[in-house]
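Biologist: Please take one residue in this model and walk me through its surroundings. Keep it brisk.

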Amino acid sequence: MMSKDAFSERGQALEDEFFRRVDKRLLAELKAKDALQSDRKQLQEATGITNPDLLDELLAAGASAESIAAISLVPLVLVAWADGNVAPEERSPIIEAAKEKGITSDSPAAALLEQWLSVKPSRKLITTWQHYIAAVMDQMSVETQAALRSDLIGRAQAVANAAGGVLGFGKVSADEKRVLNELEQTLAR
């Protein structure tokens, strides 16, 4: 039979273990919250975006201060996926655009871009990009908006023209045209 002291010690040990687990869980939650705040602050500094909901959307989409350059390539990725797969010829102008934006092959932005080129992005990424580009364009002059619009549409058109067609005819599929039109509408707002 257990003595009263041994029973009390056993009870205290169980109580200590319970609170140790609770403390460990609370500490993990606190660290995760601190990490989110830090990531949000770094992303805000990298983009100039102050809307916390949009910053959270970008973080949920896989963006970080290091990978934000990849977000600008989302329209190209969407055009490439318009017909259900990404042809090798479509990858080339996207990778070239990434290089021009300073994205190196070993960067977080390149890893994110590769993920989007390997697995079709969800509709959530499209919505996140639309919110992102609207926030970015709100901070630009009319001239800069026009230059951005022209650059993005031109690059997206190059991806659409990169694959498909026979003897130069029908290079841009109906699905690619639809995505290009959606892109133009988004950028016209």
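Modeller: T128 is found in helix α7 (helices are DSSP runs of H or I, at least four residues, numbered from the N terminus). This is a predicted model: local features need pLDDT of at least 70, side-chain atom pairs count only at pLDDT 80 or more, and totals for chains, interfaces and linings use all residues. Residues are numbered from 1 along each chain as its sequence is written, and side-chain values use heavy atoms, with hydrogens and water left out.

T128 counts as buried because its relative accessibility is 1% (buried means under 20% relative accessible area, with a 1.4 Å probe and protein chains only). Its side chain makes a polar contact with the side chain of E57, at 3.2 Å. Such a contact is a pair of N or O atoms within 3.5 Å; within protein, one must be able to donate a hydrogen and the other to accept it, and residues adjacent in sequence count only if both atoms are side-chain atoms.

Setting aside residues up to four places away in sequence, T128 touches L54, E57, L58 and A61 (contact means heavy atoms within 4.5 Å). Now follow L58. Beyond its neighbours within four places in sequence, L58 is in contact with residues including L43, I49, T128 and Y132.

Conventions: Helix = DSSP H or I, 4+ residues; strand = E, 2+ residues; numbered from the N terminus. Buried < 20%, exposed > 50% of the residue type's maximum accessible area, 1.4 Å probe, protein only.
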